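Try each task before you read its solution.

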Amino acid sequence: MINHIVIFPVILPLLAGILLLLMPQRHLLFRRAASLAAIALQLAAAGLLLNAVNSGAIFVYALGNWSPPFGIVLVADRLAAWMLVVTALVATCALLYAVRGTDKDGAHFHALFHLQLLGLNGAFLTGDLFNLFVFFEILLLASYSLLLHGGGRLKTKAGLHFVVINLVGSTLFLFAVGTLYGLLGTLNMADLAVKVAGAQTEDVALIQIAGLLLFAVFALKAALLPLYLWLPAAYAHTTAAVAALFAIMTKVGAYCILRVYTLIFGTQAGPVSNLIEAWLLPLALMTLIIGVFGTLASTRLRQQVAYLVIASIGTLLTAFGMNNEAGIAAGLFYLPHSTFAGAALFLLADCIANRRDVMEDQFEPGPIIQQQRILGTLFFILAALIAGLPPLSGFIGKFLILQAALPHAALPWIMGVVLITGLFTLIALARGGSMMFYRAQAPHICHIHPDANLQRSGISVTTELAPVVYLLAFCIGLLIWAGAITEYTTVTASQLLQPELYIQSVLNLEVKQ
Amino acid sequence: MELLVSIIIGVLTACGVYLSLRGRTFPVVLGLTFLSYAVNLFLLVMGRLTIGNPPIINDNAANYADPLPQALVLTAIVISFGMTAFVIILSLKAFLEMGNDQVDGKHRP
């Protein structure tokens with residue numbers, strides 16, 4: 001049976017992006033309404049898909065009705081649907097923040113936003129390695145333009161580095177894809193998994209090279225240790241709404257690592273089984289340490305949040321790197337939490353920066369922030385959330401990860417690094433928060449004109465903070481329904497560790513003539 | 001012929017890696033272009049080098065050339081073309097905004 005809902009997360013943003021490009025520039029309200037309507041539809045589609053895959057079924061959608069492994073297939077399993085829902089939720093909040101005014105700063109914000117979502121959703125759904133490359137390029141090209149949205153010297157500089165390193169990454173991706181195709185004659189992921197398991201001895205070394213090249217590419221997208229240097233500048237200098245959306249972009253790398261190295265190079269891959277097991281866990285732990293060092297050394301709040309994103313990728317890949325069911329399940333619980341919390345902090349950092357005049361978000365005593373009570377409270381809650389303090393969802397995520405680490409051989413390392421970095425995160429955030437909120441001075445001391453903030457008083461604090469509160473509410477939702485969600489992530493992890501389910505559903509697909 | 005093609009790919013890649021590590025944006029853009037040429041050629045020959053074989057079904061043909069790498073390389077060429085155009089405009093923008101063509105925006109005399 002063909003389930004057409006699978007194609008909707010790809011078609012909807014594509015159509016929305018094209019329509020928004022065609023709409024006249026002056027009709028800003030129309031474009032905002034159309035953009036919000038499109039994202040609402042996408043949210044609904046992702047929700048329906050999640051509901052459909054919850055039975056354990058894997059839906060395979062053969063594009064152009066070519067029977068796999070010849071055509072391109074979209075595959076919706078539990079993991080893909082989970083990622084789609086998280087993406088749609090983050091994108092909704094980012095867009096709600098953007099429609100307050102930052103979307104006016106440059107042309108085609110909404111069109112680019114939806115094209116970025118097209119790339120993200122496509123990458124989560126596709127079952128073909130070359131198609132994954134194409135969706136990567138779509139999401140990257142949209143992200144280049146979104147990163148530069150609004151213009152400015154710092155954005156251009158960060159953007160240039162981001163673009164160049166990602167172009168090199170794309171080249172490596174193509175080399176890896178070409179090698180795999182040359183050796184195995186297929187690019188369909190399910191078919192690759194079968195062919196890799198039965199690879200001939202003389203090809204094994206080359207397949208390993210291709211697999212590790214792919215790992216380098218995904219590690220670059222995920223900002224894993226040696227390849228994270230592009231992230232802090234890019235995320236810290238871009239517009240808040242874009243940075244919030246980018247919080248999911250590093251998770252694409254983590255998703256690809258999870259997908260490719262459980263399906264193609266997983267435990268059943270014969271000569272190349274568990275290809276990256278020796279690499280992933282140490283690199284993830286070191287990424288976590290470096291990310292937390294970055295948060296301690298940051299001089300600005302947005303920079304600090306960017307390093308928190310790196311630290312969260314470290315935590316997430318630590319969970320995936322344990323390569324057992326409990327670890328992957330814990331990681332899949334931690335993933336939405338860290339995405340929501342990171343996005344919320346980016347948005348809140350922008351709210352704070354807007355109220356501190358020339359001081360922006362630097363960690364120096366500045367003017368007293370307007371509406372400091374509500375902003376300070378939100379900052380406090382988000383800091384506790386992201387540092388993993390009980391009773392919030394970050395605590396449950398980290399608790400599940402540590403619990404999953406108990407039977408693992410690297411338990412002392414995982415336990416030590418995760419707990420100590422948690423403490424340092426808390427110190428870094430407390431330092432930043434006290435600098436901005438407690439040591440604020442009256443305007444005359446720091447030579448800022450007392451009326452400087454008055455022009456901002458017209459901003460409605462409700463609409464400004466609503467997206468932050470929504471993201472926080474999602475995290476609290478994760479906390480309240482933690483039982484049901486961990487149940488879902490556990491069955492997702494067990495589905496991932498039985499790649500034969502995926503392979504059978506793709507390769508045994510009967511195409512109607 | 002295999003040796004010739006592999007040497008060409010190797011030289012192109014080496015030039016690309018060297019140029020993309022330079023400090024100015026123009027060599028970097030050239031280096032990225034070389035890298036994309038190298039990878040396009042690499043993808044094309046992954047269907048194995050054959051001469052005079054048709055890629056589509058033909059009653060008289062004994063052997064076939066693999067058509068899929070040709071389709072893949074077409075996609076890759078289009079994408080790398082678009083990316084090169086984007087990175088050229090971006091480096092021009094960086095040159096105009098920062099006043100020099102260093103990749104990190106800092107002028108060194």
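**Exercise 1.** Find which helices the buried residues of helix 1 of chain A pack against.

*Solution.* Start with the span: in this predicted model, helix 1 of chain A covers residues 8–22. Next, pick out its buried positions, which are A:P9, A:V10, A:L12, A:P13, A:A16, A:G17 and A:L20. Now follow their contacts, and you land on helix 2 (28–53), helix 3 (78–98) and helix 4 of chain A. As for the spacing, residues three or four places apart in an α-helix point the same way, because there are 3.6 residues a turn. Finally, check the length: the 15 residues of helix 1 reach 21 Å from first C-alpha to last, close to the 21 Å expected at 1.5 Å a residue.

**Exercise 2.** Decide whether A:A123 is buried or exposed, and list what it touches.

*Solution.* First place the residue: A:A123 sits in helix 4 (residues 109–125) of chain A. Then count neighbours: A:A123 has 26 C-beta neighbours inside 10 Å, so it counts as buried, given that the cut-off is 20 or more. Leaving out residues up to four places away in sequence, A:A123 touches A:L132, A:F135, A:F136, A:L139 and A:V252. For A:K155, 32 residues along the chain from A:A123, the C-alpha separation is 26 Å.

**Exercise 3.** Describe the side of chain A that touches chain B.

*Solution.* Count first: the contact takes 20 residues from chain A and 26 residues from chain B. On the chain A side, helix 5 (129–147) and helix 6 (153–184) each supply at least two residues. Helix 6 of chain A gives the most, with 15 residues. By type, the chain A side divides into twelve nonpolar, five polar and three charged residues.

**Exercise 4.** Say where in chain A pLDDT stays under 50.

*Solution.* Begin with the average: chain A has a pLDDT of 88, and 96% of the residues score at least 70. Then look at residues 449–458 of chain A, where pLDDT stays under 50 and the model has eleven contacts beyond four places in sequence.

How values were computed. Residues numbered from 1 in each chain as written. Chains lettered and ligands numbered in written order. Predicted model: local features only at pLDDT ≥ 70, side-chain atom pairs only at ≥ 80, totals over all residues. Contact = placed C-beta atoms within 7 Å. Helix = DSSP H or I, 4+ residues; strand = E, 2+ residues; numbered from the N terminus. Nonpolar A, V, L, I, M, F, W, Y, C, P; charged D, E, K, R; others polar. pLDDT = per-residue confidence, 0-100. Buried ≥ 20, exposed ≤ 12 C-beta atoms within 10 Å, placed from the backbone. Expected span 1.5 Å × (residues − 1).
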